[in-house]
Amino acid sequence: MGKETEGRSTHVIHEKDKIGQVIIADEVFAIIAGLAATEVDGVHSMADNITKELIAKLGMKTLSKGVKVELMEDKVSVYMALNIEFGYQIPQVSSLVQERVKASIENMTGFTVLDVNIKIAGVVVDRDRQ
């Protein structure tokens, strides 16, 4: 295994029968989820996870900004914290985010998304819109 995967949690998606291995790092799932979420109208940004330092001190994996993924074989659960733009309906935006994140991860990795759990961490007022 190369230096770029040392110390990182990775998942093999193709093995011996193929030409070679394909390995996906955990962070890739979080990046896909974050990018898919921020493409949805009404999502201002990913929210920082305020417990990042605490989790790092406890020896657990450092979380990506606002996204945590749990992988079990070829299945994924996603937990994300979002900042929503003022004036958008939270249930509709959240539903679109869940659909977009699920589709993006499944299409790009072949893993099954079990659930996409969203925490609305803040509301952002865009002063330029007024």
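T109 sits in helix α3, which covers residues 90-109; helices here are DSSP runs of H or I with at least four residues, strands are runs of E with at least two, and both are numbered from the N terminus. This is a predicted model, where local features need pLDDT of at least 70 and side-chain atom pairs count only at pLDDT 80 or more, while totals for chains, interfaces and linings use all residues. Residues are numbered from 1 along each chain as its sequence is written, and side-chain values use heavy atoms, with hydrogens and water left out.

Is T109 buried or exposed? T109 counts as buried because its relative accessibility is 10%, and buried means under 20% relative accessible area (1.4 Å probe, protein chains only). A polar atom of the T109 side chain lies 2.6 Å from the backbone oxygen of I105. The backbone nitrogen of F111 is 3.1 Å from a polar atom of that T109 side chain.

Now look at what meets α3. From α1, the residues F29, I32, A33, A36 and A37 touch V97, R100, V101, S104, I105, M108 and T109 in α3, where contact means heavy atoms within 4.5 Å. By class, that contact of α1 with α3 has nine nonpolar, two polar and one charged residues; Ala, Val, Leu, Ile, Met, Phe, Trp, Tyr, Cys and Pro count as nonpolar, Asp, Glu, Lys and Arg as charged, and the others, Gly among them, as polar.

Stepping back, the protein chain has three helices and six strands, and along the sequence they follow the pattern β-β-α-β-α-β-β-α-β. Of its 130 residues, 34% are buried.

Key:
Buried < 20%, exposed > 50% of the residue type's maximum accessible area, 1.4 Å probe, protein only. Polar contact = N/O pair within 3.5 Å; in protein donor to acceptor, adjacent residues only side chain to side chain.
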